[in-house]
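Hi,

Here is the structure I promised to pass on to you. Have a look at it first, and then read on for what turned up.

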Number of protein chains: 4
Amino acid sequence: MGRPIRLGMVGGGNDAFIGAVHRIAARIDGRFQLVAGALSSTAEKAQASGAAIGLNPDRTYDDFKAMAIREARLKDGIEAVAIVTPNHVHYAAAREFLKRGIHVICDKPLTSTMADAKKLEKAVAQSDALFVLTHNYTGYPMMRQARQMVADGALGNLRVVQVEYAQDWLTQAEDFKQAEWRTDPARSGLGGSTGDIGTHAFNLAGFVTGLTVDSLCADLQAFVPGRQLDDNAHVMLRYEGGARGMLWCSQVAPGNENGLGLRVYGDKGGIEWRQENPNRLWFTPYGAPKQLLTRGGKGAMDVAERVTRIPAGHPEGYLEGFATIYREAADAIEAHRDGHDVPADVTYPTIADGMAGMRFVEACVRSSKRDGAWVKLGS
Amino acid sequence: MGRPIRLGMVGGGNDAFIGAVHRIAARIDGRFQLVAGALSSTAEKAQASGAAIGLNPDRTYDDFKAMAIREARLKDGIEAVAIVTPNHVHYAAAREFLKRGIHVICDKPLTSTMADAKKLEKAVAQSDALFVLTHNYTGYPMMRQARQMVADGALGNLRVVQVEYAQDWLTQAEDFKQAEWRTDPARSGLGGSTGDIGTHAFNLAGFVTGLTVDSLCADLQAFVPGRQLDDNAHVMLRYEGGARGMLWCSQVAPGNENGLGLRVYGDKGGIEWRQENPNRLWFTPYGAPKQLLTRGGKGAMDVAERVTRIPAGHPEGYLEGFATIYREAADAIEAHRDGHDVPADVTYPTIADGMAGMRFVEACVRSSKRDGAWVKLGS
Amino acid sequence: MGRPIRLGMVGGGNDAFIGAVHRIAARIDGRFQLVAGALSSTAEKAQASGAAIGLNPDRTYDDFKAMAIREARLKDGIEAVAIVTPNHVHYAAAREFLKRGIHVICDKPLTSTMADAKKLEKAVAQSDALFVLTHNYTGYPMMRQARQMVADGALGNLRVVQVEYAQDWLTQAEDFKQAEWRTDPARSGLGGSTGDIGTHAFNLAGFVTGLTVDSLCADLQAFVPGRQLDDNAHVMLRYEGGARGMLWCSQVAPGNENGLGLRVYGDKGGIEWRQENPNRLWFTPYGAPKQLLTRGGKGAMDVAERVTRIPAGHPEGYLEGFATIYREAADAIEAHRDGHDVPADVTYPTIADGMAGMRFVEACVRSSKRDGAWVKLGS
Amino acid sequence: MGRPIRLGMVGGGNDAFIGAVHRIAARIDGRFQLVAGALSSTAEKAQASGAAIGLNPDRTYDDFKAMAIREARLKDGIEAVAIVTPNHVHYAAAREFLKRGIHVICDKPLTSTMADAKKLEKAVAQSDALFVLTHNYTGYPMMRQARQMVADGALGNLRVVQVEYAQDWLTQAEDFKQAEWRTDPARSGLGGSTGDIGTHAFNLAGFVTGLTVDSLCADLQAFVPGRQLDDNAHVMLRYEGGARGMLWCSQVAPGNENGLGLRVYGDKGGIEWRQENPNRLWFTPYGAPKQLLTRGGKGAMDVAERVTRIPAGHPEGYLEGFATIYREAADAIEAHRDGHDVPADVTYPTIADGMAGMRFVEACVRSSKRDGAWVKLGS
């Protein structure tokens with residue numbers, strides 16, 4: 001382990017949940033050092049937030065563009081930046097860093113509009129810098145294992161995908177004061193629950209199965225009176241090759257905290273996983289008893305062990321899964337720094353995943369507006 | 001408790017799983033005595049099967065019509081008959097008993113064709129005898145409680161229904177030898193998994209929520225090569241009044257034995273239940289911790305206690321839930337015998353439930369044939 | 001299946017929980033017909049209780065001795081009797097039937113005193129009739145499987161046994177009105193929780209492991225002020241051959257309904273089981289992933305299938321496990337009737353199990369009185 | 001958040017599990033910066049290990065005493081040291097730092113011998129520096145909540161404590177090569193499983209209940225042939241005030257990874273918790289349904305929220321619990337630095353907990369040698 005990668009952050013000021021998560025994730029494996037930030041678009045709040053997390057005032061910026069310009073010139077300027085703003089800022093911020101060769105680690109969903117997404121896709125293509133999207137659930141060791149098991153044929157030909165992400169924190173109107181940007185189309189984008197958590201479910205299912213969605217049919221609801229974005233979505237999926245899926249995301253399902261669950265069935269076996277106890281993966285080889293595969297336990301495969309920090313039975317959680325994305329990013333950035341190819345086993349969500357997520361949300365909204373008609377995913 | 005009700009049985013010969021279940025269910029509460037049977041359409045098998053379960057040879061019939069005629073004339077002839085044949089025989093058999101005033105307890109789904117269903121509906125309407133359909137999962141105490149909680153407003157306005165019934169026993173082609181009639185359209189009807197288990201899921205969701213499905217959109221698959229009926233179905237539901245649902249049924253999902261699960265969410269709370277451990281009902285009043293309600297436990301309501309036999313923590317299972325349908329039937333039959341109204345708390349699935357199930361299967365098939373279009377449920 | 005065995009019952013009048021359980025258990029498999037009863041020691045209650053369950057008044061007795069005498073003389077008198085009284089009546093009642101050649105199915109624990117137990121042991125030895133003790137948890141299919149797995153060496157040499165039975169219904173003083181005889185030494189015997197549920201735990205551990213306890217050390221408490229019998233017991237066990245165990249039973253542990261659990265560990269594997277979801281048995285072959293073995297599922301062994309009624313995923317419960325003891329008794333009684341040996345696979349708890357349970361309770365009390373000293377189990 | 005506290009480490013060289021854990025724990029909240037280390041007692045390994053984790057070679061020491069002497073003199077020398085060596089080195093290492101006013105964060109158990117423990121106790125008493133013992137499970141938010149609930153009387157008067165810590169990694173003889181010092185009396189101390197994990201169970205039970213053990217009775221086994229230290233221990237506890245407990249620890253129980261579980265019962269309620277899914281705490285107020293309290297969820301108390309980083313349903317795990325001990329240590333160290341009292345809500349295990357753990361192990365061994373006699377805990 002050499003010196004930590006110098007990291008900046010855009011967004012993530014006081015009280016922003018996801019900014020604190022990114023900072024912990026960046027710290028856990030000691031591969032990054034946060035040295036600069038434009039933590040808020042409000043100058044005062046930016047300074048206060050920077051001070052609160054111990055940033056050097058000299059490198060606490062009021063504006064991400066100013067930060068990108070100056071840091072790119074500093075001898076020991078940041079090498080990577082974490083973008084953790086509301087969605088509508090992702091593109092504008094990412095662009096400034098990408099064009100200056102600074103690697104971008106960006107929260108999901110990719111952007112608030114498809115137009116922005118396409119511009120961002122171009123910006124990534126034109127930059128030598130890396131772009132990492134924090135679909136963090138792909139960092140869980142047992143999701144790595146599930147993906148490998150599918151690839152190895154342990155489930156046979158895939159037939160059915162059941163994926164869901166249910167929460168309850170937006171059940172009532174007053175609840176969304178705490179994160180009102182998430183229910184504001186201007187800042188969040190077309191999708192409400194579809195964008196905020198549906199993209200995670202969609203991404204995870206694709207990550208594990210390797211399948212591509214051909215078309216979908218979506219029934220979106222905004223159950224809370226006055227809400228402009230969907231807070232519940234029912235989606236049926238048709239994958240290329242014939243597999244079928246169901247996706248449910250909801251932010252109005254009382255009793256669900258972060259109920260992300262994935263089940264995949266093929267003609268030779270099935271797997272089941274729940275994010276709330278992520279160290280366990282159920283595997284049933286058809287015709288034999290169900291097995292409980294555990295992170296670090298007997299039956300854990302190399303791809304899972306590679307991203308495992310502590311022994312079986314000592315739970316790793318959400319922050320460690322998130323940290324794994326940062327660790328993968330660090331491996332990729334160091335390879336890039338040294339002029340090497342990114343090693344084959346380094347695995348993280350990319351701009352392509354971000355684009356797929358955008359197309360998913362767009363298709364959901366399009367289908368729902370057409371009264372739940374089947375629609376092709378755009379490309 | 002007076003003398004047991006004299007019961008006959010049509011179908012349920014040697015090796016028929018569901019016949020044995022009905023016999024145990026009829027015995028558990030001591031309210032019925034099985035005294036006659038036409039257990040098979042093959043004379044030899046009918047006799048052998050009757051002997052195996054200790055029926056009097058004099059009341060072991062080769063033919064359900066002969067049985068109906070003779071039993072109706074006997075002074076101590078059967079008062080009720082259980083029909084547990086393959087689906088395509090339900091109507092013809094039920095008709096013979098109904099028109100002779102013998103109560104019918106019939107396995108589900110109602111019939112194999114809509115035409116038969118309509119004729120059966122008429123036969124029931126024209127008979128003074130009772131018709132009970134064994135959607136047995138409605139006999140579980142915690143499903144009774146869930147229904148009451150919904151009715152009492154504990155969940156508020158309902159928004160989302162998630163129901164599923166997943167099995168794996170038809171995962172591979174060779175598996176269905178053991179029950180080949182279930183995959184044969186001529187005997188099973190239009191629906192495969194939709195008819196066999198989807199109707200249970202559909203019925204249970206309706207039972208608990210009291211909601212009526214307005215329209216649905218279904219994507220049915222027959223994954224196993226050569227199979228003529230669906231073995232997996234994805235269905236989205238729109239209820240009258242605005243609630244939405246998803247229903248998944250599958251017989252090709254490895255690792256699922258009888259994975260019937262129901263989750264219902266409203267603006268004030270949510271409930272979750274799994275058939276494989278039916279003595280537990282999870283209830284989350286929005287804004288408070290999740291509660292574990294148990295059969296017989298603290299928090300169990302009268303409607304649950306009414307159908308509970310033993311204390312909390314001593315599990316009742318599938319057979320007791322099934323037996324509850326028989327016990328309800330017995331209460332109704334005795335009230336009928338005594339010229340009383342059926343007591344208000346006596347609860348069992350009726351011809352109306354059967355018709356609803358038929359319309360569900362028909363709509364699923366119709367939607368799927370139209371490439372997953374939204375269709376209204378027929379009436 | 002021939003004609004049902006004619007059964008009588010002593011005890012089990014109105015409101016007696018365990019009498020109703022025995023009656024259902026006797027009915028489930030249709031092997032018994034209840035035709036006579038002395039359901040209460042109070043004449044009026046005996047008659048009312050008999051009428052309530054549909055007994056012929058002519059065979060409803062006020063007194064078990066009168067019943068034994070008369071039934072023994074009847075041409076179609078009872079062949080077996082279920083004794084479901086409070087413990088202090090077990091011996092006196094059993095004796096009357098045993099000496100007249102009527103088989104006895106007796107609730108546990110065996111008796112209220114060791115003196116009675118020894119007399120009963122003698123009575124059983126001197127009678128040609130069978131004596132079956134309803135340690136019903138040994139009827140669960142997965143306990144049969146666990147026993148077989150241990151016998152087959154799947155766990156290797158046994159080292160550790162962890163068994164517990166926790167309830168909460170006697171947590172507070174007022175609670176025990178509902179079953180006050182259970183906390184009365186004169187009727188219940190030396191042991192409170194040890195006798196009522198500790199004997200079940202002790203028996204089940206012995207059933208599954210095949211191990212014999214050499215000595216134990218017990219710390220008994222009566223936490224509720226004024227209670228005369230233990231309501232909580234901590235016991236350490238030393239088995240012959242070197243294995244060690246812990247046994248906890250409690251009736252004052254809030255949140256436990258019927259929390260009977262058994263875990264057994266050897267040098268090659270471990271098993272875990274909980275009564276409240278009895279259809280599942282966890283098995284970990286050392287060095288491999290944990291497996292979930294289910295009743296009726298893949299991995300179920302013949303000994304479990306033999307006592308299984310319905311497919312995997314449709315839960316069997318407490319009543320079915322209890323019914324299995326009755327079914328085993330029926331097999332044994334029929335073999336006896338036909339002059340055959342009881343088939344080798346017929347398995348039920350005997351007088352020896354009853355005596356072992358008595359010695360367990362006695363040793364617990366003896367150890368506890370000696371301030372928790374280690375004591376040998378008597379013989 | 002001001003500048004990080006400068007931290008050194010003794011032990012924790014390449015391949016040492018617990019050293020890596022301490023380093024991550026120290027990083028998670030950004031309160032410490034690791035700047036010096038004597039990571040191994042072998043010079044070459046010390047240097048290689050230091051380099052591997054990016055330590056400055058100038059501050060990579062071959063010897064903890066040299067490190068203590070030099071760091072104490074450096075202007076920016078370490079302010080605290082983490083001691084993560086095998087147990088027999090704890091005292092000697094801690095002493096060197098304590099006497100130079102450097103705060104000590106020490107892994108458990110306290111020392112390998114009682115003599116060392118007493119000397120360490122004296123050294124702590126004589127030093128102005130803080131001593132923190134990493135009984136990390138007390139850092140779990142739901143254990144903080146449990147402790148507060150007990151203190152608030154939510155369980156009433158405590159009666160029964162059931163605590164266990166079961167593992168399986170030492171099931172077979174060859175397994176312990178990987179951590180052979182743990183089974184070596186010279187380095188580990190008197191206790192095997194009792195010292196390594198029994199102390200955790202003992203400490204956690206005391207932390208939550210606030211109860212003090214008066215006496216115990218222990219049956220220790222070394223099941224694996226040739227093993228010198230216990231690998232399984234059965235212990236019964238008598239608390240001051242009348243509560244009773246059972247403690248089981250084992251490293252030979254196949255199927256258990258890190259099965260630490262705690263159950264506490266009083267006359268008004270009970271709680272249940274399992275380390276492998278630590279975000280959940282079951283609470284049953286006697287007479288009401290069981291509740292599922294979750295970290296960050298509805299029902300979480302201030303003491304739990306205080307040590308919670310992310311929302312409910314996003315699991316925190318072992319590393320976060322461990323990090324909480326480090327965070328508490330940081331709070332205490334900063335208060336000390338500023339000349340303030342340690343804030344009242346800062347909570348971490350101290351030398352007193354370490355001494356209690358030593359007395360527990362010593363009493364277990366003493367009791368077991370006296371054939372399982374009851375013994376008083378020393379003082």
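Let's start with a term: a salt bridge is a side-chain nitrogen of Lys or Arg within 4 Å of a carboxyl oxygen of Asp or Glu. Please keep in mind that this is a predicted model.

How many salt bridges are there between chain C and chain B? The count is 0. Polar contacts do turn up, though: 18 residue pairs, both at pLDDT 80 or more, are in polar contact across the interface of chain C and chain B.

As for who takes part, chain C brings 34 residues to the contact and chain B brings 34 residues. Between them, an area of about 2700 Å² is buried, and carbon and sulfur atoms give 56% of that. On the chain C side, the most area is lost to chain B by Arg27(C), His314(C) and Pro315(C), which together make up 21% of what that side buries.

Three helices of chain C, α1 (17–28), α2 (43–52) and α10 (318–337), each supply at least two residues to the side that touches chain B. The most comes from α1(C), with 5 residues. Sorted by type, that side of chain C holds 18 nonpolar, 10 polar and 6 charged residues.

Now over to chain D. Helix α6 (residues 141–151) is largely enclosed by the rest of the structure, because 8 of its 11 residues are buried. Among them are Pro141(D), Arg144(D), Gln145(D) and Val150(D). After α6(D) comes Gly153(D), with a positive phi near 85 degrees.

Enjoy exploring!

Notes
Residues numbered from 1 in each chain as written. Chains lettered and ligands numbered in written order. Predicted model: local features only at pLDDT ≥ 70, side-chain atom pairs only at ≥ 80, totals over all residues. Heavy atoms only, no water. Contact = heavy atoms within 4.5 Å. Buried area = accessible area lost by both parts, 1.4 Å probe. Polar contact = N/O pair within 3.5 Å; in protein donor to acceptor, adjacent residues only side chain to side chain. Helix = DSSP H or I, 4+ residues; strand = E, 2+ residues; numbered from the N terminus. Nonpolar A, V, L, I, M, F, W, Y, C, P; charged D, E, K, R; others polar. Buried < 20%, exposed > 50% of the residue type's maximum accessible area, 1.4 Å probe, protein only.
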